[in-house]
Amino acid sequence: MDNRQILIDSLPQGELRESNYTLATTKAPQPENGQVLCRTLAIAIEAGSRAGLQGSASYAGAPKSGIVMNGHAAARVVASYDPAYKEGDLVTCPAGWQDYSVHEARALTRIEGSGDPARYLSALGNSGLTAYFGLFNVGQPQAGETLLVSAAAGAVGHFVGQMGRIAGMKTVGVAGSDEKCARLVSELKFNGAINYKDGGFRANLKEVTPDGVDLYFDNTGGDVLGSALFRMNENGRIVCCGVVSQYDTSNPAPGPKGVPGLLVNKRLRMQGFLVFDHIKQYSQARSEIAGWLDSGELIAWQDEFDGLESAPRALVDLLAGGNTGKRIVRVAE
Ligand SMILES: NC(=O)c1ccc[n+]([C@@H]2O[C@H](COP(=O)([O-])OP(=O)(O)OC[C@H]3O[C@@H](n4cnc5c(N)ncnc54)[C@H](OP(=O)(O)O)[C@@H]3O)[C@@H](O)[C@H]2O)c1
């Protein structure tokens with residue numbers, strides 16, 4: 001069985017390009033005892049994988065070329081040498097950008113229920129869980145407070161704003177186009193949304209947060225974080241989820257002004273987290289998120305590319321803001 005793979009051909013110098021990747025074909029790997037062979041159906045395209053190529057994601061280790069690009073996938077079990085799985089089961093796995101991959105059974109997550117398996121890459125996967133734990137466990141939202149979230153029309157961000165609304169907060173999103181902002185308000189019921197590329201961003205942020213900001217969910221770092229710091233209320237919280245404004249470069253900028261002075265004077269709490277810190281609560285969180293999806297309180301935006309070979313283009317374009325909601329690449333039926 002042939003296995004198409006997208007390899008990292010060279011590490012990016014400056015911005016990531018499609019030419020940093022190359023397509024190779026090899027034979028599908030053979031599972032051994034305790035292992036499972038998986039057929040990739042859909043791959044999650046995630047901003048954080050660019051941090052891995054930059055060497056700024058501790059969990060990803062040092063970046064390397066000549067290996068299969070990493071990525072989470074929804075997959076079908078093709079052969080199983082572990083009693084926990086059988087042929088035809090649907091799972092998620094750290095497949096990488098390739099058609100077939102072999103895993104220890106314990107590395108797989110079973111996809112429960114019917115419906116599109118790709119929902120386990122989105123609302124019921126990394127993006128929904130990151131939004132959930134960052135907001136509820138780290139941010140500790142209170143009804144009536146104002147929540148600000150950056151990269152608000154992205155995979156994590158669009159869930160954060162909606163979960164904030166479910167928690168009774170006033171929600172404001174920051175995104176990179178007027179169209180994204182309009183959709184956040186009209187389709188996802190954000191109370192407000194503003195475009196950080198607009199020259200009047202700071203003034204607009206002030207106008208759309210008349211009561212200040214109690215909780216800022218930061219997906220971007222950079223200038224948006226710099227502006228948000230000045231809108232924070234006393235005893236506010238900043239949830240540091242990611243730094244997407246500084247991933248697609250070889251020269252990330254230093255942190256914004258106001259740290260630590262504003263943290264001291266406003267008694268702010270600024271806390272980072274990684275979603276897998278909360279793994280023991282995944283199942284409880286998935287049930288709650290599934291309930292919101294079923295009731296229509298939570299809407300999952302999905303943005304799709306077709307074919308394994310389109311994965312490099314899908315990531316390059318995501319870093320430039322081309323996606324709305326969760327971006328996936330469909331690889332097989
Ligand atoms: N802590 C964790 O465990 C964890 C887990 C998953 C993800 N994350 C983080 O969550 C964040 C979002 O990831 P995602 O996978 O959901 O990606 P995403 O939000 O779907 O896509 C990235 C978005 O970032 C925005 N962006 C790009 N350059 C920007 C800039 N210079 N300034 C502001 N916004 C910019 C773009 O939208 P615009 O059109 O708005 O520019 C783009 O759509 C990332 O920082 C990621 O590292 C953290």
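**Reading a predicted protein–ligand model**

Biologist: Which strand holds T40?

Modeller: T40 sits in strand β3, residues 35-44. Helices (H or I, at least four residues) and strands (E, at least two) are DSSP runs, numbered from the N terminus. This is a predicted model, in which local features need pLDDT of at least 70 and side-chain atom pairs count only at pLDDT 80 or more, while totals for chains, interfaces and linings use all residues. Residues are numbered from 1 along each chain as its sequence is written, and side-chain values use heavy atoms, with hydrogens and water left out.

Biologist: Is T40 buried or exposed?

Modeller: Buried means under 20% relative accessible area, exposed over 50%, and partly exposed in between, with a 1.4 Å probe and protein chains only. T40 counts as buried because its relative accessibility is 0%. Across the protein chain, buried residues make up 50% of the 333 residues.

Biologist: Which backbone oxygen does the side chain of T40 meet?

Modeller: A polar contact is a pair of N or O atoms within 3.5 Å; within protein, one must be able to donate a hydrogen and the other to accept it, and residues adjacent in sequence count only if both atoms are side-chain atoms. A polar atom of the T40 side chain lies 2.7 Å from the backbone oxygen of Q98.

Biologist: How many helices and strands does the chain have, and what is its radius of gyration?

Modeller: The protein chain has 9 helices and 15 strands. The radius of gyration is taken over C-alpha atoms, and the globule rule is 2.2 Å times the number of residues to the power 0.38. For 333 residues a compact globule would come near 20 Å, and the protein chain has 20 Å, which agrees. Its C-alpha atoms fill a box of roughly 60 × 45 × 35 Å along the principal axes.

Biologist: How many residues surround the ligand, and which are the closest?

Modeller: A residue is near a molecule if one of its heavy atoms lies within 4 Å of it. There are 29 residues around the ligand, the closest being K180, Y196, Y247, V275 and N323. The shell divides into 15 nonpolar, 12 polar and 2 charged residues. Here Ala, Val, Leu, Ile, Met, Phe, Trp, Tyr, Cys and Pro count as nonpolar, Asp, Glu, Lys and Arg as charged, and the others, Gly among them, as polar.

Biologist: Which backbone atoms face oxygen atoms of the ligand?

Modeller: A polar backbone atom of N219 is 2.8 Å from a ligand oxygen. For V156, a backbone N or O atom lies 3.0 Å from an oxygen of the ligand, and for A47 a polar backbone atom is 3.2 Å from one. The protein covers 91% of the 910 Å² of accessible area that the ligand has on its own. The elements giving two or more residues to the shell are α2 (126-139), α3 (155-166) and α9 (311-319).

Terms used:
Areas by Shrake-Rupley, 256 points an atom, 1.4 Å probe, with all protein chains shown as cover.
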